Amino acid sequence: MSNIAEAFRNGKAFIPFITCGDPDLQTTAKVVREAVRNGADLIELGIPFSDPTAEGPVIQEANLRALQGGVTTDKIFDLVRELRTDVTIPMVFMTYANVVFSYGAEIFISTCREIGIDGLILPDLPFEEKEEFLPLCEEYGVDLISLIAPTSENRIAMIAKEAKGFIYLVSSLGVTGVRSEIKTDLQSIVNVIRANTDTPVAIGFGISKPEQAAKMAGISDGAIVGSAIIKILAEHGRDAAPYVGEYVKSMKDAVAGLK
């Protein structure tokens, strides 16, 4: 299958999320490379969508900026082709089922394979409906990443047993965004996951500070950060790459020493 396991082979992973085309695709390319240079283990690339239901205002606004700038799925595919000339770490797309449907599921997923995308995260795809995409993902060697949320409860074991690539554990209820504190009992969820699969689990939603990343990675296999990075992009625009690099280094340093 994919090479997502590589992201977790050398200790705790730090996974940044970047909205493609915010503010433009040239900046996205610079930011991805700067994140890799500063220790990112896996990159989540967001394909913008007009109605991103899982996202808070920060990432919603990034989607809007990207779409207004003329970004398209085909242009993002070309971006990944260009990135793959030197970026070797795993990369996954995060988008919505409608984006894949409207493009044509088979051509979308087969193109992911061709350009070197390792996985696909669809936050609006219920576990029970994953057969819409799973056979194609398996055919083309693209991991369909499972999400587990605090509300998954008695479905956690079932989802974990069938998980591919890595498991995206949603830290708290609601949409993406920076949170001052994460109060969910994530350890007990991770315990159920661990009892049912060896697939790595990374925690996302609400993480913004190094100490939060260290805490979340301490009970899982890695930390995912989106909104805090998108805020840097919103503030610095086309000059954001070095600032994102500095931030990624601080977060990677926070999780790197953990066992």
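Q: What average pLDDT does the protein reach, and which stretch has a pLDDT below 50?

A: In general, where pLDDT is low, the predicted coordinates should not be read in detail. This is a predicted model, and the protein averages a pLDDT of 92, with 92% of the residues scoring at least 70. Over residues 174-181, however, the pLDDT is below 50, although this stretch has 29 contacts in the model beyond near neighbours in sequence.

Q: How should I read the packing of two helices, and at what angle do the axes of H9 and H11 cross?

A: Two packed helices are described by the angle between their axes and the distance between the axes. Here the axes of helix H9 (residues 210-219) and helix H11 (residues 241-256) come within 8 Å and cross at roughly 40°, and the crossing of H9 and H11 is right-handed.

Q: Which residues of H9 and H11 meet?

A: From H9 the residues are Pro210, Ala213, Ala214 and Ala217, and they meet Ser250, Met251, Ala254 and Val255 in H11. Sorted by class, the contact of H9 with H11 has seven nonpolar residues, one polar residue and no charged residues. The spacing can be read with a general idea in mind: an α-helix has 3.6 residues a turn, so residues three or four places apart point the same way.

Q: Which residues of helix H10 are buried, and what do they pack against?

A: In helix H10 (residues 227-236), the buried residues are Ser227, Ala228, Ile229, Ile230, Ile232 and Leu233. These buried residues pack against strand S1 (13-19), helix H1 (25-37), helix H2 (57-68), strand S8 (222-225) and H11. After H10 comes Gly237, which has a positive phi, near 55°.

Q: How is a pair of aromatic rings described, and how many aromatic pairs are there?

A: A pair of aromatic rings is described by the distance of the centres and the angle of the planes. With ring centres required to lie within 6.5 Å, the count comes to nine aromatic pairs. One of them is formed by Phe77 and Phe93, whose ring centres are 6.0 Å apart and whose planes stand at 40°, so the pair is tilted. Because Phe77 lies in helix H3 and Phe93 in strand S3, this pair ties together parts that are 16 residues apart in sequence. Both Phe77 and Phe93 are buried.

Q: Where is Ile76 found, and which residues does it touch?

A: Ile76 is found in helix H3 and is buried, with a relative accessible area of 0%. Leaving out residues up to four places away in sequence, Ile76 touches Cys20, Leu25, Ile47, Pro48, Val71 and Phe93. Gln60 is 16 residues from Ile76 in sequence, and their C-alpha atoms are 18 Å apart in space.

Q: Is Thr88 buried or exposed, and where is it found?

A: Thr88 is found in the loop between helix H3 (73-83) and strand S3 (91-94). Since exposed means over 50% relative accessible area, Thr88, at 65%, is exposed. The C-alpha atoms of Thr88 and Ala217 are separated by 23 Å, and these residues are 129 residues apart along the chain.

Notes: Residues are numbered from 1 along each chain as its sequence is written. This is a predicted model: local features need pLDDT of at least 70, side-chain atom pairs count only at pLDDT 80 or more; totals for chains, interfaces and linings use all residues. Side-chain values use heavy atoms; hydrogens and water are left out. Helices (H or I, at least four residues) and strands (E, at least two) are DSSP runs, numbered from the N terminus. Buried means under 20% relative accessible area, exposed over 50%, partly exposed in between (1.4 Å probe, protein chains only). Axes are lines fitted to C-alpha atoms, for helices over the stretch in contact, and angles run from 0 to 180 degrees between N-to-C directions. A crossing is left-handed if the near helix is turned anticlockwise from the far one by less than a right angle, and right-handed if clockwise. Contact means heavy atoms within 4.5 Å. Ala, Val, Leu, Ile, Met, Phe, Trp, Tyr, Cys and Pro count as nonpolar, Asp, Glu, Lys and Arg as charged, and the others, Gly among them, as polar. Rings of Phe, Tyr and Trp (its six-membered ring) pair if their centres lie within 6.5 Å; planes under 30 degrees apart count as stacked, over 60 as edge-to-face and the rest as tilted. pLDDT is the predictor's confidence in each residue, from 0 to 100.
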